[in-house]
Amino acid sequence: MDSDQWDLRYAAKDLVWSAGPNRWVEEVAADLPPGRALDLAAGEGRNALWLAERGWSVTAVDFSAVALERARSLAGQRLGEQAGRVELVKADVRDYVPEPRAFDLVVIAYLQVAQDVRRQVMRSAAGAVAAGGLLLVVAHDSDNLAHGTGGPQDPAVLYRADDVAADVDGAGLRVVRAQARARPVEGAARDAIDAFFVAVRDGAPPA
């Protein structure tokens, strides 16, 4: 789907995704000290806003103007005078070049794209991780197509955590976890299967 198609999808509903953060983002980031975060393909900003509420300064990038306008409105409602903690950037993640080694947390949640685009974005994201920082990637796992529920039905845009590990190999990150994880889905007969990847850039953050 291109940006125009996503604009239409976001315009058709008050919220396409939940207001709260993704469960895996919450699990990983809940106990982290606030710092700078980058949320790529941020959509309506559910993860970025949650991080900002916890004191993070977040750059949220998406190519849908409708989604970003909704994120801006939600930031005003939820953060008030602190809405400036979320910087909203309209850009295609294929073209966006983040500041290198500048973010304590880089999040990519459910970016389902073809392999060549995925590799490009993952490498760019890995380069943005600061010393002591984390890269967190969550996606619909390839096994979800046959054994899970929901998500894209095109195998070309599904991938595994090991694929992400291969994408960022040589980027100076150490893999912490790379696995498939079951995610309960309300009303569904079976769980969704997510790819879950966490890597760290070893070293102390700058003082």
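1. The model is predicted: local features need pLDDT of at least 70, side-chain atom pairs count only at pLDDT 80 or more, and totals for chains, interfaces and linings use all residues. Residues are numbered from 1 along each chain as its sequence is written, and side-chain values use heavy atoms, with hydrogens and water left out.

2. The protein chain has seven helices and seven strands (DSSP runs numbered from the N terminus: helices H or I of at least four residues, strands E of at least two). Their order along the sequence is α-α-β-α-β-α-β-β-α-β-α-α-β-β.

3. Of the 207 residues in the protein chain, 49% are buried (under 20% relative accessible area, 1.4 Å probe, protein chains only). Taking contacts (heavy atoms within 4.5 Å) between residues at least 6 apart in sequence, 71% join residues at least 24 apart.

4. The buried residues of H5 are Val117, Arg118, Val121, Met122, Ala125 and Ala126. Down the axis of H5 they fall within an arc of 160°, so they line one face of the helix (the arc is that of the directions from the helix axis to the C-beta atoms). They pack against strands E1 (36-40), E4 (103-109) and E5 (129-140) and helix H7 (161-167).

5. Leucine 51 lies in helix H3 (residues 46-53) and is buried, at a relative accessible area of 1%. Leaving out residues up to four places away in sequence, leucine 51 touches Ala29, Ala37, Trp56, Val58 and Leu105.

Note on methods:
Buried means under 20% relative accessible area, exposed over 50%, partly exposed in between (1.4 Å probe, protein chains only).
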